[in-house]
Structures are given as C-alpha cells and as structure tokens.
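Colleague: I'd like a close look at just one part of this model, the first chain. Could you walk me through that, and then show me what its partner looks like?

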Amino acid sequence: MVANGYTSLPVALQKLGEKADGVLTMALGERFANSNPLRQTLTTYEHASGIEGGYGFFAPAIPNSYKLVFQLTYSDGGVEYELPRVRSEAAGLRLSGLFDQIAIVRYAALRELMLKMLAYSAWQLHPEATKIRAVFGEIRMPSVVEAKRGEKETYRFMYAYDFSFATEAGEMQSR
Amino acid sequence: MTTARQRLNEFLFPASSDTWLIVLRVGLAIQVILCTLSLRSDWNYLFRANGNGIISRDLTEAILNVDSPIIPRVGWLVAIGAYFGLSEETVLWTVWIALFFTGWLLLLGLFCRITAVTAWLLHLCAVKSAGLMTYGMDNFTTLGLFYLAIAPLPNHYSLDRWIWKSKNQDPHLLGFFRRVLQVHVCIIYFFSGLAKSTGAGWWNGTSLWRSLRLPPYDVLPSQLVVTFAPVLPAMGIAVCLLEICYPIFIWPNKTRFIWLLVICGMHIAIAVTMGLYLFALIMIVLNLAAFGPWAGRKQRDTTNLAVQKVSLRFVRNPVRSLIGIIS
C-alpha cells in the first residue's frame, strides 16, 4: 500500500516501501514465472495457511459500497427492476464483497463476464425476459456534516451492460 | 552467545499446558459450525459451476489457477465425485455436511487430528472456490484451522483422550505452537493498525463513520451514529493505537489482561455495530487461544534440560520433528 502510494505517507517513504516490496516479492518467488514450481508451491502454502491476503482490513480507508440493479425487459415492452438475490444475510455480506471485486477489476472483459454471470442468475428467475441490463454503480455516503443536514446517500453510475440470453438453458449470449 | 541462544530457546519453547489448544479447538469448532449453518440456504448457489451459481465456480477457479493450479478447490472434489457417478449437487451438499460434521467432531474432540485436517482442507476448498466472495473472516478461519491441523493433538477435554487414554503432549511442543500463534497474532494486529494509521480517515473519524454507515454494515440507525459522531475521531485513533501497540502491551503480565479485554471488547463492538459476528468470533478465539489467562500456566515439566532437548531436536531436523508431532 505504501509502495503504491495508497497512503497519506510522504513520497520518501513510498520509495522505501517500493524497496521493501521488491525484497518481499523476491522472497515469495513472485519474480519467477507463474508456471515456476517453486512459485506455485510458495503461493499454495500462502493460500493453505491463510496468509496470502495481508492484514490491511478497512485500511488505509474504507472502500465505497456498490450496487447492482437489473433492468428486465419483456417481449411486450414491459420493464421490471430486480436486485441480485441471496437467501441468507451471510451470503448477502459475501455478495457485497463480490461487488467490491467487480469495482476494482481492471480487465473490462472480466468485469463484463462477472456481471453477465450475475445477470444470468437473475434471468433464471425471470426466463421470459428478453433483455437484461445490468447497471453497476457506487454508493456515495454523505459526510457527518452532510448527514446532519439531512442529506442521504447518492448513487454514481459506473457501468452498464446489456445481455440477452437464449431460451436454451446454459447458453448465454451478450451484445 | 550461549545466553542469547538459551533465551531464544526459552522464548520459542516455553512449557505450556494444552488449555490454549482446547480453546482453539472448541472455538474453531463453533466457528465452523456457525459458518456452515449461516450459508446453508445459499451453499450450492455459491458453488455451482456452468453459470448455475450466483457467480460460476469455473470463473473463480480459473482465476485461482493464475495464482497456482495446485491450490485445493471444490472443483477437485466435484471431479472425484463425478468419477463415482455423483452429481455436482450431491457433492456440494456432501461437502457442506462433511464440514458441518467435522465442526461437531472437533467440538467433541473425536478423531482430533483427522478431523482438524479434514476441516482445514474442506474449508480451504470452499474459501478458494468462492474466492471472489470471501472476506477477512474466511482467511482467519483458514489460518486457525491450519494451526490446529499441525498442533499437538489430542488435548484434554476431548473424547480421544477419554477413549484412548492417550498420554500428555510435550509441554514444550505445546508452548512452541502457542508461541508461533502468539507471534502471528501480534503481526496481524501490528500491520493492521499500521495500515489504518496511514490513512487520514482513521484520524479524523471519517473511516469509522463510513464503516458504520456503508451497506451492508449499516446495522445501527443513522441518527444514532450521527449523535455519536463527535467521538468517532477519538475512537478511530484508539483503534489504531490499540492495534499498533498490541505487540507491546500483550506480552507483559501487568498489561496483558487489560489489552486482551479491550481488544475482545473491540471485536464485540464490531459484531454488534457492523453485524460481523463470525469475524468477531474468530478474532476472539485466536486472541483467547494465544493470550488467554491460561497462556502462562505451566505443567510440571519445566526444566531447562527439557527445553534444550526439544529445541535441539527441532533445530537439527525441523521437518522430521513436525511430521512426528502431526503423526
């Protein structure tokens, strides 16, 4: 985080962070190719022991929350709105984590694929829908002062994708 | 030089009772049981492949392959099941049931070693195959189960001990594993606190405000959080200080209990105000196992000779020693 300049620390410390990051990268075998057995073994050990992720939870700042809304269009022109559905609160918490992942994905094709999968799960509940538009956005919270003035959270549009799914189960087509 | 080595030995291999391990085993058992129960209604939906889950397992496991193709995953279990003619749905439910039962077996202390390894492996598979939907709690549960799987088992208050009358574990080995956990917990808090303190939001209360107001953590009513807004900067700074200073104040006997109490209080507050109950539980379990009031209680065998014997065995052949403990 320090090396990437995500913190409020001075630039001089950023360079120190870069050096430390370089040493760690080397120690963890991350300089090797992905197919290198040593790197794969070290990475597997990190995952198996639960130490691969670091411990900067909610740090240095709290990330935004995100919202996904599906706009379902039917053959008669009717439109309905739907949210991704899970049954339990625990899964809801995980869904929120998934949205965080979608928001930080830099590879547009992967983001589209993730949203397509979510749209497909919504389409399975509404198979008569001819088109599903997945609208992904960010929830901006008011500051304490703004909240005292009675301001509510606002929604900032980020991405929208249109998907149409063939009636044949399992076949997905997007445009 | 000898004194330094002796001190290092004494630090790494203190004599310890197995009470901390009982806390870890029982705590993790409750964690596994509650975790599986909380996801019961969505379990298959989270892990299905071929576009039939909320986010297809194929995608998560393909992303996992970029890291390493040898990380355990649910896909392997589904493939094994398919070989025996079992459907994906059946295998996924079997994994859920197996994880749930290993939780109960851990709680009872029956077949401790096999159960601990199975719970760790199944949990790891589930966490990795749902990698896009995991959070800190999953990592800490994996971490706890990993320590439990390699720790000297069985311990007291387990059916294993009662049925097979197994003898006491070496107190220095118990101490060594406890020490590793203690150091790891210190590293976790130190870096967590350090990372927080580098962000301005933890000093001016913004981060606490956002953590209490952003969905899905907005458990408290908005008006209540607004009322307590003036104390949020102080609370944010207190969280940073508590975590950064954890490795300093958790070791001395004089400050250990109060620091442990405050840290556990912080996790209870996180559970109540943000709804992160399972995250709070696993952190409290790790803290109590590492630094609980029983942490310093020693068994009879505390001679320096025994310390040296065990530590020398480790220094000469750590791999064989660890395999010996596990088997």
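Modeller: Let's say two residues are in contact if their C-beta atoms, placed from the backbone, lie within 7 Å. In chain A, take the contacts between residues at least 6 apart in sequence: 49% of them join residues at least 24 apart. Residues are numbered from 1 along each chain as its sequence is written, while chains are lettered from A and ligands numbered from 1 in the order written. This is a predicted model, in which local features need pLDDT of at least 70, side-chain atom pairs count only at pLDDT 80 or more, and totals for chains, interfaces and linings use all residues.

Chain A has 5 helices and 5 strands (DSSP runs numbered from the N terminus: H or I of at least four residues for helices, E of at least two for strands). Along the sequence they come as α-α-β-β-α-α-β-α-β-β. The radius of gyration of chain A, taken over C-alpha atoms, is 21 Å, well over the 16 Å that the globule rule gives for 175 residues, so the chain is more spread out than a compact globule (the rule is 2.2 Å times the number of residues to the power 0.38). Along the principal axes, the C-alpha atoms of chain A fill a box of roughly 60 × 55 × 30 Å. As for burial, 23% of the 175 residues of chain A count as buried (20 or more other C-beta atoms within 10 Å of the residue's own; 12 or fewer is exposed, and in between is partly exposed).

Now zoom in on helix H1 of chain A, residues 11-27. H1(A) is hardly covered, with 0 buried residues among its 17. Just after H1(A), Gly29(A) takes a positive phi of about 75 degrees.

Next, where chain A meets chain B. The contact takes 50 residues from chain A and 49 residues from chain B. On the chain A side, helices H2 (37-48), H3 (89-104), H4 (108-125) and H5 (144-148) each give two or more residues, and H3(A) gives the most, with 10. By class, that side has 28 nonpolar, 19 polar and 3 charged residues (Ala, Val, Leu, Ile, Met, Phe, Trp, Tyr, Cys and Pro are nonpolar, Asp, Glu, Lys and Arg charged, the others, Gly among them, polar).

In the loop between helices H8 (136-150) and H9 (159-164) of chain B sits Pro154(B), and the peptide bond to it from Leu153(B) is cis, with omega near 0 degrees. The loop between H8 and H9 of chain B also holds Tyr157(B), whose phi is positive at about 55 degrees although Tyr157(B) is not a glycine. With 14 other C-beta atoms within 10 Å, Tyr157(B) is partly exposed. Phe111(B), in the loop between helices H6 (88-108) and H7 (112-129) of chain B, has a positive phi too, about 50 degrees. Phe111(B) counts as partly exposed, with 19 C-beta neighbours inside 10 Å. Pro215(B) and Pro216(B) are joined by a cis peptide bond with omega about 10 degrees, and Pro216(B) lies in the loop between helices H12 (206-213) and H13 (222-227) of chain B.

Note on methods: Expected span 1.5 Å × (residues − 1).
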